[in-house]
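Let's take a walk through this protein together. Have a look at the model first, then read on.

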Amino acid sequence: MSSLTSALPPAQGTGARIARWSLYLILLLFAAYYLLPLLLMIATSFKSPEEIRTGSLLSLPRDFSLDAWSYAWNRACIGADCRGMAPYFLNSLVIVGPAVIISTFFGALNGYALTKWRFRGANIVFGMILFGSFLPSQVILLPMAQTLGFLGLAGSAGGLILVHVVYGLAFTTLFFRNYYVSIPDDLVKAATIDGASFFQIFTKIMLPLSLPILVVTIIWQFTQIWNDFLFGASFAAGGAQPVTVALNNLVNTTTGVKQYNVDMAAAMIAGLPTLVVYVLAGKYFIRGLTAGSVKG
């Protein structure tokens, strides 16, 4: 870039620098606009109620205190339950783990079967699965509620896991199908000639080559399931509710003076896992998305 700039005439080189710094400034403004609410939430969560009432919204806390975080985690009242966010945070972990693993596994299996073991009507089957990714979540509320009632899973964590697995299969199948298209069919043919079975090829050849798209799918499913509110509010009851529903109930529970620092701390607790996942694995998410984009 520096050699190209030096080769340009002075006027063009100056124009290129101005354009580049203008772009940096615009990106910086967008980043500040995006991060400002997060910074305000973090700052407010460390303030005392008195400092919130008497100070400025944009000011940093004078005395950092973790009291709001401790109260939100252990003692905040969520409806009539005053055990804090901790039990509901655990509920979300219990729901997310199996739902992500099961939906990712079956999505990989579907993508493998649809690309490497082509059968009559495979494209029609894939089209029907793909259609599921365009269905709004509100459309499936009634039939899913009837299904959970028939299975005896209504209002339970197991029922919510089933909902997320079924709803997420369309997306995981799409991810793996598009990725496996880019893997040469000769690998499967050679393994078949050597006597490898359907599942041997899947577990010993396809899955080891699937690390990029596995990362994408796990991050996608983890984020979608952890941040879900509609399914959690519709299909979980009482102590089985996830952390997002608990956060909503906490914010809407008023006993005396409104504790904005506790609300902000609870919101940070609810959003921290997805934030950590994207900070630590965001670059792998982008790499995985582009890994299977050569053929499609």
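## A pair on one helix

What do glutamate 50 and arginine 53 form? The answer is a salt bridge, with 3.9 Å between the closest N and O atoms. The cut-off for a salt bridge is 4 Å, so this pair at 3.9 Å makes the list.

Keep in mind that you're looking at a predicted model. Across the whole structure, a search turns up four salt bridges.

## Two domains

Now zoom out. The protein splits into domain 1, covering 13-65, and domain 2, covering 86-289. Going by C-alpha atoms, the centres of domain 1 and domain 2 are 33 Å apart.

## Where the domains meet

How many residues of domain 1 are in contact with domain 2? Ten of them are, and they touch seven residues of domain 2. Together, domain 1 and domain 2 bury about 680 Å² between them, and 82% of that is on carbon and sulfur atoms. You'll find zero salt bridges between domain 1 and domain 2. As for polar contacts between the two domains, the count is one residue pair, with both residues at pLDDT 80 or more.

Which helices supply the side of domain 1 that touches domain 2? Both α2 (10-45) and α3 (49-54) give at least two residues each. The largest share, five residues, comes from α2. Sort the residues on that side of domain 1 by type and you get five nonpolar, three polar and two charged.

## What the record says

Over at UniProt, an unreviewed entry lists "transmembrane region" for residues 21-43, 88-112, 124-145, 157-180, 201-222 and 264-286.

Let's check two of those stretches against the model. Residues 157-180 are 100% helix and 0% strand, with 33 Å between the end C-alpha atoms. Residues 264-286 also come out as 100% helix and 0% strand, and here the end C-alpha atoms lie 30 Å apart.

Note on methods:
Residues numbered from 1 in each chain as written. Predicted model: local features only at pLDDT ≥ 70, side-chain atom pairs only at ≥ 80, totals over all residues. Heavy atoms only, no water. Domains from an automatic or database assignment. Contact = heavy atoms within 4.5 Å. Buried area = accessible area lost by both parts, 1.4 Å probe. Salt bridge = Lys/Arg side-chain N within 4 Å of Asp/Glu carboxyl O. Polar contact = N/O pair within 3.5 Å; in protein donor to acceptor, adjacent residues only side chain to side chain. Helix = DSSP H or I, 4+ residues; strand = E, 2+ residues; numbered from the N terminus. Nonpolar A, V, L, I, M, F, W, Y, C, P; charged D, E, K, R; others polar. UniProt positions renumbered as here; feature names shortened; annotations may be inferred.
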